[in-house]
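Please open the model in your viewer and keep the sequence panel beside it, as this tour moves from one selection to the next.

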Amino acid sequence: MHGTPALSTGTVTLRNARIPSAARGKVGSGEVESVDIEIADGRIVSIRPAGSAPIDGPSHDLDAGLILPAFVDIHTHLDKGHIWPRKPNPDGTWLGALLAVGADRERNWAAADVERRFDFALRCAYAHGTAAIRTHLDSAPPQHEISWALFEEMRRRWAGRIELQAVSIVGPDTLVNPGELDAVAQQVKASGGILGGSVAEYARSREAMLRVVEKAGELGLDLDLHTDETGDPTAHALLHLAEAVLETGFTGKVMAGHCCVLTVQDERTQRLTIDKAVEAGIAIVSLPMCNIYLQDRVNGNGTVRTPIRRGATLLNEFKAAGAVVAIASDNTRDPFYAYGDLDGVEVLREGARILQFDHPQDQAWDWVRAVGSAPATHAGFTYKAVIEVGAPADLVLFRARSWTELNARPQHDRIVLRAGKAIDPSLPDYRELDDLME
């Protein structure tokens with residue numbers, strides 16, 4: 001067992017800890033509080049000023065170390081994960097990734113293959129301290145029949161460890177095809193999922209967004225769309241999504257991911273799109289690591305160059321305008337992103353570097369909500385990712401005492417508590433998947 005014997009029972013006092021006020025659900029707060037946290041039978045029963053909790057039983061001294069809630073990873077692709085050894089991206093581009101994944105899916109994505117990679121990814125996430133995940137599932141027929149049945153089984157199998165949600169992802173041609181869209185949407189509804197798709201550079205973008213919003217409204221489904229994952233300034237999928245939501249009066253929850261194109265559009269277009277998205281109540285998730293990996297890698301004649309436009313969306317501006325914002329892992333070891341391990345610490349650390357939400361540093365702590373309570377609340381997870389009395393003691397304990405200490409190192413010595421008990425931090429070995437890569 002990782003940690004100390006005191007962290008093995010689910011009943012313990014965590015002494016001399018530091019927690020960001022944002023982790024306690026205080027929106028906009030940059031404060032850090034020194035506290036003692038009493039845990040009994042796996043739940044938080046009191047939070048007191050440091051040094052004031054009565055010690056009656058096992059205790060663990062954090063020595064001013066930080067505590068965060070277990071993480072929420074709101075945008076992942078568990079069905080794609082870990083195929084890189086057998087199907088790498090040939091040139092590092094978005095199109096190269098799309099074609100490579102399509103070829104691998106057609107050849108290899110039987111249920112047994114997806115199941116093993118899916119489970120491997122969840123074990124990584126669990127060991128790192130993640131308690132809730134939303135995954136997009138490739139759902140172009142006939143793959144939807146395989147992947148959604150498997151997802152339902154994995155959701156059941158992982159209940160109590162990682163809370164799972166799933167979203168369909170299909171191309172824009174499916175969104176404008178009534179029969180295909182209905183088939184996917186009916187599968188999503190039957191499996192208790194979220195309706196989604198991907199629209200980047202597409203001449204019928206406005207129609208695609210209107211059709212998917214109408215279908216979600218018809219079936220009572222929430223929405224989560226990949227929008228504008230491109231550097232082509234003529235793309236306006238997020239704007240079209242917002243307009244469709246407002247035009248139809250859609251009342252479900254809506255999330256949009258990527259939104260890369262805003263970084264190459266003029267200020268007026270940026271402002272219009274952000275304002276419309278906020279008016280429509282669309283939550284925005286940035287996938288900074290994947291977008292930095294894929295976007296602007298080659299110039300017009302296909303020559304590799306150092307990227308000029310980084311592709312990570314205007315998340316600071318969305319947050320300032322009042323949108324719910326999140327950051328997430330996206331892909332792991334597949335053609336869309338060669339790296340990653342579903343680690344909330346890595347997402348927060350790289351998000352701070354790429355999106356530059358780290359100054360002023362006393363306000364940076366509010367961004368822990370972007371890998372926790374903000375997406376958890378929007379998505380309707382049972383797990384709320386807050387440190388408060390009555391909440392389950394699903395916590396991540398660090399030796400790091402400050403923002404810079406937390407983000408300077410990978411935090412391999414973290415202790416993950418689930419229901420107040422330290423879990424085994426061992427990560428699965430990549431060799432487990434070698435036979436799938438042959």
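Begin by selecting helix α6 (residues 205-219) together with helix α7 (residues 237-248), whose axes come within 8 Å and cross at roughly 45 degrees. Helices here are DSSP runs of H or I of at least four residues, strands are runs of E of at least two, and both are numbered from the N terminus. The axes are lines fitted to C-alpha atoms, for helices over the stretch in contact, with angles from 0 to 180 degrees between N-to-C directions. This is a predicted model, in which local features need pLDDT of at least 70 and side-chain atom pairs count only at pLDDT 80 or more, while totals for chains, interfaces and linings use all residues. Residues are numbered from 1 along each chain as its sequence is written, and side-chain values use heavy atoms, with hydrogens and water left out.

The helices α6 and α7 are therefore oblique to each other (angles under 35 degrees count as roughly parallel, over 145 as roughly antiparallel, 65 to 115 as roughly perpendicular and the rest as oblique). Show the side chains of S205, R206, M209, L210, V213 and E214 in α6, which meet A237, H240, L241, E243, A244, V245, E247 and T248 in α7 (contact means heavy atoms within 4.5 Å). The residues of this contact divide into 7 nonpolar, 3 polar and 4 charged, where Ala, Val, Leu, Ile, Met, Phe, Trp, Tyr, Cys and Pro count as nonpolar, Asp, Glu, Lys and Arg as charged, and the others, Gly among them, as polar.

Next, select α2 and helix α3 (residues 143-157), which pack at an angle of about 40 degrees with their axes 10 Å apart; α2 and α3 are therefore oblique to each other. From α2, the residues A111, V114, E115, F118, D119 and L122 meet I146, L150, F151, M154 and R157 of α3. By class, this contact of α2 with α3 has 8 nonpolar, no polar and 3 charged residues.

Stay in helix α2 (residues 111-128) and select R117. Is R117 buried or exposed? At 0% relative accessibility, R117 counts as buried (buried means under 20% relative accessible area, exposed over 50%, partly exposed in between, with a 1.4 Å probe and protein chains only). The side chain of R117 reaches the backbone oxygen of D79 at 2.6 Å, and a polar contact of 2.9 Å joins the side chains of R117 and D113. A polar contact is a pair of N or O atoms within 3.5 Å; within protein, one must be able to donate a hydrogen and the other to accept it, and residues adjacent in sequence count only if both atoms are side-chain atoms.

Now look at the backbone. Most residues other than glycine have a negative phi, and most peptide bonds are trans. A cis peptide bond joins P141 and P142, with omega about 10 degrees, and P142 lies in the loop between β7 (130-138) and α3. The bond from H359 to P360 is also cis, with omega near -5 degrees. For positive phi, select D228, where phi is near 55 degrees, in the loop between β10 (223-227) and α7. Then select H258 in strand β11 (residues 254-258), where phi is near 80 degrees.

Finish at I19 in strand β1 (residues 12-20), which is buried with a relative accessible area of 0%. Although I19 and P69 are 50 residues apart in sequence, they are 9.3 Å apart in space, C-alpha to C-alpha.
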